[in-house]
Amino acid sequence: SFWMNSTTIENHGHLWGTAENGDTDKVAMYTRGAHRRLSLLFISDGNSMRHESNSITFAADSGSGDGGTEGVWKHFAVTWTKGSSGDGTATFHENGEPVTCTTTGGVSDTEQDAYTNPHELYIGKSNYDGNVHSQKYAMKLDDWALWNVALGETAIRDIYNSGVPTDLLKPNGNYTNQGDL
């Protein structure tokens, strides 16, 4: 979950991520394609699964009629749940509401369990084998948080809090996951 205000984001602009041995084991949130759609990439043992939002864009020429999200504070949340057959399920949220996404590729249970990466997670860029990887773009991130559980829709709505950031260390309505940060 994070709040973001961007003015310029290039294709493959990394919001956060970490990678080991190039792209053998990697997790990253980045923008992709001409419309710079918000994407979550998970690679384990060289096999990849990408979840990409169908409507969250960072390009003024997105064609969606909304001018993308440039220059406006927005709240984003992404949940990912490992499936029993290795298929992960990602859910993207923009300003507290779920949005549709497309999933490509797949990572098996064995590959997910084999994921290793000793490198720190970088916010505002990606860590590639201990080196900074970042495109040139301008953005502000605030209240970035990571939980060890997938939050439910009502908890995410209460984190969004009608556009007013809330203290994630305290319960707020249906958000009671402060102990899972």
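Is F76 buried or exposed? At 1% relative accessibility, F76 is buried, where buried means under 20% relative accessible area with a 1.4 Å probe and protein chains only, exposed means over 50%, and partly exposed lies in between.

## Basis of the model

This is a predicted model, in which local features need pLDDT of at least 70, side-chain atom pairs count only at pLDDT 80 or more, and totals for chains, interfaces and linings use all residues. Residues are numbered from 1 along each chain as its sequence is written, and side-chain values use heavy atoms, with hydrogens and water left out.

## Overall make-up

The protein chain has two helices and 13 strands; these are DSSP runs numbered from the N terminus, with helices being H or I of at least four residues and strands E of at least two. Of the 181 residues in the protein chain, 44% are buried.

## Two nonpolar cores

A nonpolar core is a set of buried Ala, Val, Leu, Ile, Met, Phe, Trp, Tyr and Cys residues joined through side-chain atoms within 4.5 Å. The largest one has 17 residues, and L15, W16, L38 and F92 have the most contacts inside it. Two or more residues come from each of β1 (2–8), β2 (14–20), β3 (25–32), β4 (37–44), β5 (47–57) and β7 (88–94). Strand β4 gives the most, with three residues.

Leaving aside neighbours within four places in sequence, W16 is in contact (heavy atoms within 4.5 Å) with residues including F2, V27, L40, I123 and W144.

## Aromatic pairs

Rings of Phe, Tyr and Trp (its six-membered ring) pair if their centres lie within 6.5 Å; planes under 30 degrees apart count as stacked, over 60 as edge-to-face and the rest as tilted. The whole structure holds five such pairs. One of them, F2 with F76, is tilted, at 5.6 Å centre to centre and 40 degrees between the planes. F2 lies in strand β1 and F76 in strand β6 (residues 74–82), so the pair ties together parts that are 74 residues apart in sequence. F2 is buried, with a relative accessible area of 3%.

W147 and Y175 form an edge-to-face pair, with 6.1 Å centre to centre and 80 degrees between the planes. W147 is in the loop between β13 (138–142) and α2, while Y175 is in the segment after α2, 28 residues apart. Both are buried: W147 has a relative accessible area of 13%, and Y175 one of 0%.
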